Amino acid sequence: VNVYLRRIHRDMTANNKVLIGLVIAAFVSRIAPHYPNFTAMGALAFVGASQSRSLFKTIALSFAVLMASDLLINNLIYPSGSFVLMYKGSLFTYAGFALYAIAGRYAQAGSKGIVALIAGSVGFFLLSNLGVFLSEFNLFPKTFSGLVATYAAALPFYAPELISTALFSAIAYAAEIKLVATSKA
């Protein structure tokens, strides 16, 4: 068994190891107590898409991690009394992470990475908070000024989301560089 595990470990690419690490970090950072919007989910979608050949597979993987963590969050951590598969507005959040993946795909072009990460973050912010605005939980009127007020109320949550995505992405890229260098030694 030990020889088999060593062979698997050796044969895994640095890219796959980083992706597995991001999946674990994204899942744990969502279900563990954390500062609001400070998770590795954006980095999973962004880095995954920037390194993967399949944008669809990266989005599907991101959605699977979101769904698994949402099931735990909605039914075990903050149960409402009835089973919740997806919360209202979750499609906007999921679509926001798909935007991160699309931005990550664009980031493959090298120096465009920071711009793409910020664009993905802004896209996520706009789309996920549009979902908040359209939900029955929104405290503001369903008017243009209510939409602006919803975005203004969400601004304190934007910086942690952008910072966590940038931080986890930087860690993932640094880990991949280290793994590649180590495997060549």
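Visitor: Does Phe83 count as buried or exposed?
Guide: This is a predicted model, in which local features need pLDDT of at least 70 and side-chain atom pairs count only at pLDDT 80 or more, whereas totals for chains, interfaces and linings use all residues. Residues are numbered from 1 along each chain as its sequence is written, and side-chain values use heavy atoms, with hydrogens and water left out. Relative accessible area under 20% means buried, over 50% exposed, and in between partly exposed (1.4 Å probe, protein chains only). Because its relative accessibility is 62%, Phe83 counts as exposed.

Visitor: What is the accessible area of the nonpolar patch that Phe83 forms with Leu85, Met86 and Leu91?
Guide: Phe83 is found in the loop between α4 and α5 (90-106), where helices (H or I, at least four residues) are DSSP runs numbered from the N terminus. A patch is made of residues with over 30% relative accessible area and no salt bridge, nonpolar side chains being joined within 5 Å and like charges within 9 Å. With areas taken from the Shrake-Rupley method and a 1.4 Å probe, the accessible area of Phe83, Leu85, Met86 and Leu91 together is about 440 Å².

Visitor: Which residue forms a salt bridge with Arg30?
Guide: A salt bridge requires a side-chain nitrogen of Lys or Arg within 4 Å of a carboxyl oxygen of Asp or Glu, and by this rule the count comes to one. In that pair the closest N and O atoms are 3.0 Å apart, and the residue that Arg30 meets is Asp70.

Visitor: Which helices hold Arg30 and Asp70?
Guide: Both partners are covered, Arg30 being buried with a relative accessible area of 16% and Asp70 being buried at 2%. The pair ties together parts that are 40 residues apart in sequence, because Arg30 lies in helix α2 (residues 14-31) and Asp70 in helix α4 (residues 55-77).

Visitor: How many aromatic pairs does the structure hold?
Guide: Rings of Phe, Tyr and Trp (its six-membered ring) pair if their centres lie within 6.5 Å, and planes under 30 degrees apart count as stacked, over 60 as edge-to-face and the rest as tilted. By this criterion the number of aromatic pairs in the structure is seven.

Visitor: Why is the pair of Phe97 and Tyr100 classed as it is?
Guide: Phe97 and Tyr100 both lie in helix α5, three residues apart, which is about one turn of the helix. Phe97 is buried at 7% relative accessible area, and Tyr100 is buried at 0%. Their ring centres are 6.3 Å apart and their planes stand at 20°, so the pair is stacked.

Visitor: What is the angle between the ring planes of Phe125 and Tyr158?
Guide: Phe125 in helix α6 (residues 113-134) and Tyr158 in helix α7 (residues 144-184) are 33 residues apart, and their pair links distant parts of the chain. Phe125 is buried, as is Tyr158. The pair is edge-to-face, with 5.3 Å from centre to centre and an angle between the planes of 75°.

Visitor: What distance separates the C-alpha atoms of Ile20 and Gly48?
Guide: Ile20 has its place in helix α2, and at 43% relative accessibility Ile20 counts as partly exposed. Ile20 and Gly48 are 28 residues apart in sequence, and from C-alpha to C-alpha the distance in space is 9.8 Å.

Visitor: What distance separates the C-alpha atoms of Leu66 and Val47?
Guide: Leu66 lies in helix α4 and is buried, with a relative accessible area of 0%. Leu66 and Val47 are 19 residues apart along the chain, and the separation of their C-alpha atoms is 16 Å.

Visitor: What is the phi of Asn37?
Guide: Asn37 lies in the loop between α2 and α3, and at 35% relative accessibility Asn37 counts as partly exposed. Most residues other than glycine have a negative phi. Asn37, a residue other than glycine, has a positive value, near 65°.

Terms used: Helices (H or I, at least four residues) and strands (E, at least two) are DSSP runs, numbered from the N terminus.
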